Amino acid sequence: MAADNTDRLADSVNKVSVGRVYDYLLGGVHNYAVDQAFAEEQLRILPDIRDFARSNRAFLGRAVRFAVSEGVRQFVDIGSGLPTQGNVHEVADEVAPGQCRVVYIDNEPIAQAHAEILLEQTADPQRHRALDADFFDGALLWQRVLDTGLIDTSEPVCLLAVALLHFMPPQTQPQQMLSFYVGKLPKGSLLALSHIHVDPEDAETLAASEKVSASYRAKANNPAMPRSREDIAAFFDGLELVDPGLVWLPEWRPAGQDPFGKDPRRSRGLAGVGRKV
């Protein structure tokens with residue numbers, strides 16, 4: 001097992017990682033030259049990518065604050081990526097100090113290792129945990145979440161799938177797996193989700209986005225692809241979308257400055273929060 005982990009770490013270091021690219025775009029330090037070069041290549045194609053990362057991270061913070069305001073005190077963040085500014089437990093503890101429990105999940109060994117270090121330094125191990133697991137692990141993943149002892153399924157949970165599902169092509173059927181996890185949540189739980197989306201009338205951005213997607217497919221550890229508004233809305237099937245519904249990233253309960261505040265569609269991302277009723 002140790003040898004397997006070493007091999008996975010070596011492979012992760014040498015290949016472009018979407019999590020580390022995201023960290024680089026946010027100004028983080030947990031990335032390598034291969035990730036930096038790839039990110040700069042994508043920025044030359046579509047300069048707004050960096051601001052997308054910032055706008056998306058801001059949505060995450062607002063979604064967490066909303067969940068806490070609704071009485072939710074436990075979070076499961078699937079595809080959490082590398083620790084960077086505004087982690088879920090940090091935001092939650094700002095609003096409800098010492099009350100919230102968070103389980104972070106990512107399938108990249110380096111991301112999980114950094115998460116463990118961060119949690120040791122800045123978090124409460126009695127309330128916050130990081131798991132090395134994959135979204136498609138299904139029942140096995142959910143059991144590991146429960147085995148942490150942090151999630152009580154008799155109380156509402158906020159499930160976070162932020163900037164995650166656009167790395168999963170249609171043939172992987174991510175909606176089916178997401179529905180499995182939502183099915184495990186009690187009534188009153190929330191699903192917070194964001195996803196790349198390009199205005200179909202924006203031909204120039206569509207062309208640039210296709211180039212970026214092709215680069216991710218060729219060079220990164222996960223492909224990236226936008227979906228239609230209808231396909232993204234389908235991830236919320238069976239849930240009640242909370243106001244203002246599925247909207248451009250800056251439009252979801254705006255607070256403070258956003259790089260796309262004056263032109264939300266330029267964020268190239270849709271976001272929403274659904275409630276299980």
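Predicted model: local features only at pLDDT ≥ 70, side-chain atom pairs only at ≥ 80, totals over all residues.

Student: OK, how many residues does the largest nonpolar core have?

Tutor: That core has 34 residues. Those with the most contacts inside it are Phe59, Val64, Phe75, Val88, Cys158, Leu160 and Val273.

Student: And which elements each supply at least two residues of this core?

Tutor: Both helices and strands do: α4 (49-69), α5 (88-95) and α6 (109-122), plus β2 (101-106), β4 (158-162), β5 (190-196) and β8 (269-275). The largest share is from α4, with eight residues.

Student: Let's pick Val64. What is Val64 in contact with, leaving aside its neighbours within four places in sequence?

Tutor: Val64 is in contact with Phe75, Val88, Val91, Ala92 and Leu160.

Student: What about a second core, which residues does it include?

Tutor: There's a separate one of 32 residues, with Trp142, Leu164, Met177 and Trp248 among them.

Student: Switching to helices. At what angle do α2 and α4 pack?

Tutor: About 95°, with the axes of α2 (residues 18-25) and α4 9 Å apart. Angles of 65 to 115 degrees count as roughly perpendicular, so α2 and α4 are roughly perpendicular to each other.

Student: Which residues meet there, from α2 and α4?

Tutor: From α2, Tyr22, Tyr24 and Leu25. They meet Ile49, Arg50, Ala53, Arg54, Asn56 and Arg57 in α4. By class, the contact of α2 with α4 has five nonpolar, one polar and three charged residues.

Student: Now α3. How do the axes of α2 and α3 cross?

Tutor: They cross at roughly 70° and come within 9 Å, with α3 covering residues 33-45. That angle makes α2 roughly perpendicular to α3. The crossing of α2 past α3 is right-handed.

Student: And which residues make that contact of α2 and α3?

Tutor: On α2, Arg20, Val21, Tyr24 and Leu25; on α3, Val34, Asp35, Gln36, Phe38, Ala39, Glu40 and Leu43. The contact of α2 with α3 divides into seven nonpolar, one polar and three charged residues.

Student: Last one, Ser213. Buried or exposed?

Tutor: Ser213 is in helix α9 (residues 203-219). The cut-off for buried is under 20% relative accessible area, and Ser213, at 8% relative accessibility, therefore counts as buried.

Student: What does Ser213 touch, not counting residues up to four places away in sequence?

Tutor: Ser213 touches Ala224, Met225 and Pro226.

Notes
Residues numbered from 1 in each chain as written. Heavy atoms only, no water. Core = buried A, V, L, I, M, F, W, Y, C linked by side-chain atoms within 4.5 Å. Buried < 20%, exposed > 50% of the residue type's maximum accessible area, 1.4 Å probe, protein only. Helix = DSSP H or I, 4+ residues; strand = E, 2+ residues; numbered from the N terminus. Contact = heavy atoms within 4.5 Å. Axes fitted to C-alpha atoms, helices over the stretch in contact; angles between N-to-C directions. Parallel < 35°, antiparallel > 145°, perpendicular 65-115°, else oblique. Nonpolar A, V, L, I, M, F, W, Y, C, P; charged D, E, K, R; others polar. Left-handed = near helix turned anticlockwise from the far one by under 90°.
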